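Student: I would like to work through this structure with you, one question at a time. Could we begin once the sequence and coordinates are in view?

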Amino acid sequence: MSVILQTAPFEPGALLTAFSAGRAETGAVASFTGLARAEQGGTDILELEAYPGLTDAEIARIAQGAAQRFGLQDWLVVHRVGRIAPGEAIVFVATASTHRREAFEACDYLMDYLKSRAPFWKKSHGPDGARWIEPTDRDRTDVERWERP
Amino acid sequence: MARVLLFGRLADIAGWREREVEGASLADIRAALGADAMLAEALIGKGVQVAVDKVIVRGDGPVAAGSEVAFMPPMSGG
């Protein structure tokens, strides 16, 4: 159960192997890896800013909510900060539960919240200059799925 | 005196990310930052949140000496 914010690239396969190891009682591990997109040449570099101490605490709060809601045994969130090249992994989420449905849904839930509620500021640098990115309408409607009674 | 941090587009507008600012309340700090009219306007913009010592606060209340005050524009998400 941890949140890692790091500037260095990470290898999602290695994270998944480590997360899955030694789980005789788990039954299901789901994971998601998000990659930085080139946007058809529109983005050369993605720059992601976090507020250490606040960003990680907020992600942990979101993940603890997911753990409680879906009865997770364990979870891991690794997020890049700083400058990220297209094709590089930007986020990795893994969830562990007794049965598959909870692991899948918790992973989906975590990503929806990360995309719309996590305190990051994201800037795209491309041939036309730099621009700040804000959550899309799709990001907002995706997270609302989990808030309906 | 507080350590003021600016995030995202606010840092671009101000041309700095971190600065010591005189003031015993958020109102004082906003007033001190008001010397830069563009920044002052951006700080009251839609969706800008303020954190004192890494906790999001509302209003313009007192700020203990040595606190860290962060102005955060609308978040981009991960």
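Student: In β7(A), which residue is the bridge partner of Ile45(A)?

Tutor: This is a predicted model, in which local features need pLDDT of at least 70, side-chain atom pairs count only at pLDDT 80 or more, and totals for chains, interfaces and linings use all residues. Residues are numbered from 1 along each chain as its sequence is written, with chains lettered from A and ligands numbered from 1 in the order in which they are written. Strands (DSSP E runs of at least two residues, numbered from the N terminus) pair if DSSP finds at least two bridges between them, and β3, residues 45–50 of chain A, is joined antiparallel to β7, residues 120–126 of chain A, by six bridges. The partner of Ile45(A) in β7(A) is His125(A).

Student: Which residue in β5(A) is the bridge partner of Leu46(A)?

Tutor: β3(A) and β5(A) pair in the antiparallel sense over three bridges. Glu47(A) stands opposite Arg83(A) in β5(A), while the partner of Leu46(A) there is Ile84(A).

Student: Which strands of chain A stand at the edges of the sheet?

Tutor: The open sheet has four strands in the order β5-β3-β7-β8 (chain A), with antiparallel pairing. Two of these strands have a single partner strand each, so one side of each is left without a neighbour in the sheet. They are β5 (82–84) and β8 (129–133).
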